[in-house]
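Subject: Structure handover

Hello,

Please open it first, then read the notes on cavities and aromatic contacts below it.

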Amino acid sequence: MQARCAILPVEHHRVDALGWSAQIQAAAARGARLLTLWGKDARDTSSGGISLYACWLEAQGVSLLQLDLAPGVMHYPGLHAEFPVADRLQRALRDLLGVQAQGMDPRPWLRHTAWGADVYPLRHDAALPPTPCGQPQAEHYAFVPVDGDGVHEVAVGPVHAGVIEPGQWRFSIVGEKILRLEERFGFTHKGVEKRFEGMTLHDGVRLAARLSGDSAVANAWAYCMACETLAGVQPPPRALHLRALLLERERLANHLGDIGAIANDGGFGFALAQFGRLKEDVLRLNVRVFGARYPMDAVQPGGVGPDLDADAVAMLHSQGVLLGGEVRRLKDILDQHEGLQDRFKTTGRVLPELAARLGMIGLAGRASGQALDLRTAARFAPYAALGVEAAQAQEGDVGARVAVRFAEVITSLRLCGDLLASLPGGSVRADWPQTLAPGLALGLVEGWRGPQCIALEADSQGRIARCHPHDPSWQNWPAIGWAVIGDIVPDFPLINKSFNLSYSGHDL
């Protein structure tokens, strides 16, 4: 079973344990970026054990490595020495399937108290509890202590004084200076990967679009891309233009909201009000033309659900022109605010060398010199014809992440205008085949945080055998632990917001 992807060529290698280790070392040597790691319970098939998959983004495509463990074997060579981001992925894989990476961190990641120590939810024979309320006993998690004169700890979360989702932070500080930050997540684990199993391909898109509300379009498109690759379906040109329009408006809404919130954490409340107003304008027009503020059901297998008439095109175009003028005017105000720029510059810095070592991707990676944007892939229609240039900065601080956001807002406004001006005629949905062959396909879309990935496997009945979603927050959450070192505790909200990573998308 050879994996496929619509926008990038895939090199799929099935290896043994020695080949797995050799390929990992080779990938690190050539500068590949680990995208994701997942597993599948194949004990009821001819392979006879647990199958592991590691996926890398390469300069010219994707490499997929598959290791089929023999029956009864529950360990494999770890990836974390070459790819630090693999540490938490390996811990999540152990919690869900029970397979151990050699030399891995033994602490749980997703396993809080929702299921017993001998239960592995992604196994076919897992005896899951009837209710998700968890076990009554208290849980101890071994945070790494930091010793020294004047060092003390500050515990934050997992419940916060706001509407953000739960995450736990353990600061080791001297005075107000941060020496170390350790993160713990998994509190919003929802069993999504288990829920996908057995769903029809058409039903699965509704779940994919709801993995993380602010990335609904990106996740739905990645899922549909994988579906369409399996089915051999090519969405019509008009549908691809509308998908890109939806994706760029999703990017706009999130960047506008974040710029205001970051400035607010820097003490400039005016920006929160103004950028919040602009974001609200985008969301309200979404309701009028797409039927929802966050169009979770707009992208469908084979195309899109809603189409645009001439009035909708005119409203979208007019809003783009107005937004462009207001964003540029507000950018000038922020750039000339010396107090705000003083808070931004050198705060929360991740330099390019460290960013490359950590495997950072997406928006946060581009602000630290990592120029990767899947919209520049040659086969990614309709972007291939639109001339997308990846926004990039080298400073790696809060100011750089704000600057990249501004650049991407301007680019998205330009792309929206181009997409509306060149919107093809014709259908918005391709015909779907009655049957399709089983197989594995990858969907990759450059969401506003970075590459959203869906690995989708269909069985012989055309239902989902395995679906593994991956959010770029996995790569970038560890970077916050490095970004805060040497800064002061009051700067943490500013640094954290400048990344604005997903809890829900991460804790699937």
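A cavity here is a set of grid points where a 1.4 Å probe fits but cannot get out. The model is predicted. By that rule it holds four cavities of 30 Å³ or more.

**Cavities**

The largest cavity has a volume of about 160 Å³. It is lined by 18 residues, and those closest to its centre are Ala92, Leu96, Glu193, His468 and Trp474. By class, the lining splits into eleven nonpolar, four polar and three charged residues.

The second largest cavity has about 80 Å³ of space. Its lining includes Val217, Leu246, Arg249, Glu250, Phe290 and Arg293. Helices α6 (237-265) and α7 (269-290) each supply at least two lining residues. The top contributor is α6, with five residues. The classes here are seven nonpolar, two polar and three charged.

**Aromatic pairs**

The count of aromatic pairs is 18. Take Phe268 and Phe270. Their ring centres are 5.6 Å apart and their planes meet at 45°, so the pair is tilted. An angle over 60 degrees would have made a pair edge-to-face, and one under 30 degrees stacked. Phe268 has a relative accessible area of 14%, so this residue is buried. Phe270 comes out at 37%, so this one counts as partly exposed.

Now Phe275 and Phe406. This pair is edge-to-face, with 5.9 Å centre to centre and 65° between the planes. It links distant parts of the chain: Phe275 sits in helix α7, Phe406 in helix α12 (residues 398-421), and the two are 131 residues apart. The cut-off for buried is under 20%.

There is also a cluster. Ring pairs join Trp109, Trp169, Phe171, Phe185, Trp477, Phe492 and Tyr503.

**Charges over rings**

Phe406 comes up again here. The charged end of Lys331 sits over its ring, 5.8 Å from the ring centre. Arg170 does likewise with Phe143: its charged end lies over that ring, 4.2 Å from the centre.

Best wishes

Key: Residues numbered from 1 in each chain as written. Predicted model: local features only at pLDDT ≥ 70, side-chain atom pairs only at ≥ 80, totals over all residues. Heavy atoms only, no water. 1 Å grid on protein atoms, 1.4 Å probe; cavity = no way out; pocket = protein on both sides within 12 Å on 5 of 7 lines; lining within 4 Å. Points joined across faces, edges and corners; volume = space filled by probe spheres on them. Nonpolar A, V, L, I, M, F, W, Y, C, P; charged D, E, K, R; others polar. Helix = DSSP H or I, 4+ residues; strand = E, 2+ residues; numbered from the N terminus. Phe/Tyr/Trp six-rings, centres within 6.5 Å; stacked < 30°, edge-to-face > 60°. Buried < 20%, exposed > 50% of the residue type's maximum accessible area, 1.4 Å probe, protein only. Lys NZ or Arg CZ within 6 Å of the ring centre and 35° of its normal.
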